[in-house]
Amino acid sequence: MPPARIVFFAATIGGIGVTARAIMTGPPPLSVSVALASGYMALLLAGVFVLRLRMFADAIIRGPRDARGVVLTFDDGPDPEHTREVLDLLDGHAAKATFFVIGHKAEKHPELVSEIVRRGHEVGVHGFSHDRFLSLRGTKHVRDDLNKAVRVLENITGKTPALFRPPIGHTNPTIARVADELDLTVVGWSVGARDGIARTKPEDVVSRVGRGLRDGAIVLLHDAAERGTHKPAGIGALPGIFEKLAAKNLVVAHLPDWLRDN
Ligand SMILES: [Zn+2]
């Protein structure tokens with residue numbers, strides 16, 4: 001079990017113990033109550049915001065122990081302007097990647113999703129509406145959103161998607177449970193390119209990603225802006241990232257192969 005989940009369970013049991021004691025013997029001093037409640041809240045928020053803690057979901061954040069190579073993932077597409085450029089760059093290096101597409105964009109550009117699959121890449125779910133507040137929604141909302149995204153991909157590819165990257169990487173027990181119901185494996189990342197913001201420069205992305213490249217790494221890039229049409233810096237950075245990979249003698253691995261080996 002991930003250490004953060006053990007801490008979460010221990011803190012929850014501790015909280016129940018403190019509450020039971022307060023009922024029986026009277027409440028602790030206000031300052032102690034406030035400190036305990038704030039600490040528990042901070043722990044929960046860390047669990048929601050930091051997917052790599054795996055507090056609520058068994059997310060894949062890096063390859064298996066003996067993994068070779070680096071996995072490339074692209075979020076927020078498909079994009080009629082930029083996705084094909086990414087596909088061409090990947091083809092140029094015989095590299096296979098995983099695209100976590102947004103459901104409503106996939107619905108609008110089914111031909112791009114088909115092309116991603118035809119060119120040998122994996123397609124995963126990234127929510128239908130890319131709801132930044134998914135972690136604040138109720139079960140029905142989360143289930144409807146993810147289910148809709150799954151059905152869109154099924155209709156286009158004829159295959160039920162198996163992988164899910166939560167929008168902006170936030171998870172909570174509801175999101176984890178719905179992903180489980182839909183047989184979706186939650187995929188995080190070990191290297192964030194932070195390439196989605198319009199003013200980010202490709203050379204900054206190359207050096208940021210370059211520092212994290214090692215066997216078993218999962219790199220998060222974007223083939224589309226979350227909103228708007230600007231070109232994510234990760235696309236301009238890709239040639240430089242391939243150079244860094246070659247300099248470190250690292251190959252590009254395919255995520256489904258890692259999951260099969262697990
Ligand atoms: Zn996203």
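The legends below describe close-up views of a predicted model. Local features are given only where pLDDT is at least 70 and side-chain atom pairs only at pLDDT 80 or more, while totals for chains, interfaces and linings use all residues. Residues are numbered from 1 along each chain as its sequence is written.

Figure 1. Helices (H or I, at least four residues) and strands (E, at least two) are DSSP runs, numbered from the N terminus. An automatic or database assignment divides the protein into domain 1 (3–49) and domain 2 (70–261). The centres of domain 1 and domain 2, taken over C-alpha atoms, are 36 Å apart. Along the principal axes, the C-alpha atoms fill a box of roughly 70 × 40 × 40 Å.

**Figure 2. Helix α3 (residues 83–92) has the buried residues Thr83, Val86, Leu87 and Leu90.** A residue is buried if 20 or more other C-beta atoms lie within 10 Å of its own, exposed if 12 or fewer, and partly exposed in between, with C-beta atoms placed from the backbone. Seen down the axis of α3, the buried residues fall within an arc of 100 degrees, so they line one face of the helix; the arc is that of the directions from the helix axis to the C-beta atoms. An α-helix has 3.6 residues a turn, so residues three or four places apart point the same way. Asp88 and Gly92 are exposed, on the face of α3 turned away from its buried side. The buried residues of α3 pack against β1 (70–75), α5 (110–118) and α9 (233–247). Just after α3, Ala94 has a positive phi of about 50 degrees.

**Figure 3. Strand β2 (residues 98–101) pairs with β3 in the parallel sense.** The pairing runs over 4 bridges, where two strands count as paired if DSSP finds at least two bridges between them. Val101 has Val125 of β3 as its bridge partner. From strand β3 (residues 122–125), Glu122 and Gly124 point one way and Val123 and Val125 the other, and all are buried.

**Figure 4. The largest nonpolar core has 63 residues.** Such a core is a set of buried Ala, Val, Leu, Ile, Met, Phe, Trp, Tyr and Cys residues joined through C-beta atoms within 7 Å. Val125, Leu153 and Val219 have the most contacts inside this core. Helix α6 (residues 139–157) gives the largest share of the core, 7 residues. Leaving out residues up to four places away in sequence, Val219 touches Val70, Val71, Leu72, Thr73, Trp189, Val191, Ala193 and Val209; contact requires C-beta atoms, placed from the backbone, within 7 Å.

Conventions. Two residues are in contact if their C-beta atoms, placed from the backbone, lie within 7 Å.
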